Amino acid sequence: MGDFKHLVIVKFKEDVVTEEILKGLEKLALEIEAVKSFEWGQDIEGLEMLRQGFTHAFMMSFHKKEDFTAFLGHSNHVEFSSTFSSAIEKVVVLDFPAVLVKSPA
């Protein structure tokens, strides 16, 4: 069994300054020790009919589910969640234990 993953895919509201949200997410990941890793990206290749308006993906990794639970209850996460929630138009969230098939080189 691999890490526990927190995947968030979003479409931001039109008036949102995404750079501010991205900086906030990066700060959050750096401040909370339970976060093993954080990566994000903006779609540049997907066909509109396939991505359905979603533009950004965020992935946090945790050593175990208990670390993810600690992250959810952390005061910095609770505080930032309202800022993040008010910036998004649509969201998909998946939380899952990862099955590692091939390790990164």
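This is a predicted model: local features need pLDDT of at least 70, side-chain atom pairs count only at pLDDT 80 or more; totals for chains, interfaces and linings use all residues.
Trainee: What is the relative accessible area of Lys 36, and how should I read that number?

Mentor: The relative accessible area of Lys 36 is 41%, so this residue is partly exposed. Residues are numbered from 1 along each chain as its sequence is written, and side-chain values use heavy atoms, leaving out hydrogens and water.

Trainee: With which residue does Lys 36 form a salt bridge?

Mentor: A salt bridge here is a side-chain nitrogen of Lys or Arg within 4 Å of a carboxyl oxygen of Asp or Glu. The partner of Lys 36 is Asp 3, with the closest N and O atoms 2.9 Å apart. Lys 36 sits in the loop between H1 and E2 and Asp 3 in the segment before E1, so their pairing ties together parts 33 residues apart in sequence. Those labels are DSSP runs numbered from the N terminus: helices are H or I with at least four residues, strands are E with at least two.

Trainee: How many salt bridges does the structure hold?

Mentor: There are 4. One of them joins the side chains of Lys 27 and Glu 31, at 2.7 Å from N to O. These two are 4 residues apart in helix H1, about one helical turn, and Glu 31 is partly exposed at 38%. Lys 64 and Asp 67 also meet in a salt bridge, at 3.8 Å from N to O. In that pair Lys 64 is partly exposed at 43% relative accessibility, while Asp 67 counts as buried at 17%.

Trainee: Now the rings. How many aromatic pairs does a search of the whole structure find?

Mentor: The search finds 9. Rings of Phe, Tyr and Trp (its six-membered ring) pair if their centres lie within 6.5 Å; planes under 30 degrees apart are stacked, over 60 edge-to-face, and the rest tilted. Take Phe 4 and Phe 68: the ring centres are 5.2 Å apart and the planes at 35°, so this pair is tilted. Phe 4 belongs to strand E1 (residues 4-12) and Phe 68 to helix H3 (residues 65-73), 64 residues apart.

Trainee: What about Phe 12 and Phe 84: where do they lie?

Mentor: Their ring centres are 6.4 Å apart with planes at 85°, so the pair is edge-to-face. Phe 12 lies in strand E1 and Phe 84 in helix H4 (residues 75-87), so the pair ties together parts 72 residues apart in sequence.

Trainee: How many residues has the largest nonpolar core?

Mentor: A nonpolar core is a set of buried Ala, Val, Leu, Ile, Met, Phe, Trp, Tyr and Cys residues joined through side-chain atoms within 4.5 Å. The largest has 21 residues, and Phe 12, Phe 58, Phe 71 and Phe 84 have the most contacts inside it. E1, helix H1 (18-31), strand E3 (56-62), H3 and H4 each supply at least two of its residues, with H1 giving the largest share, 5 residues.

Terms used: Buried means under 20% relative accessible area, exposed over 50%, partly exposed in between (1.4 Å probe, protein chains only).
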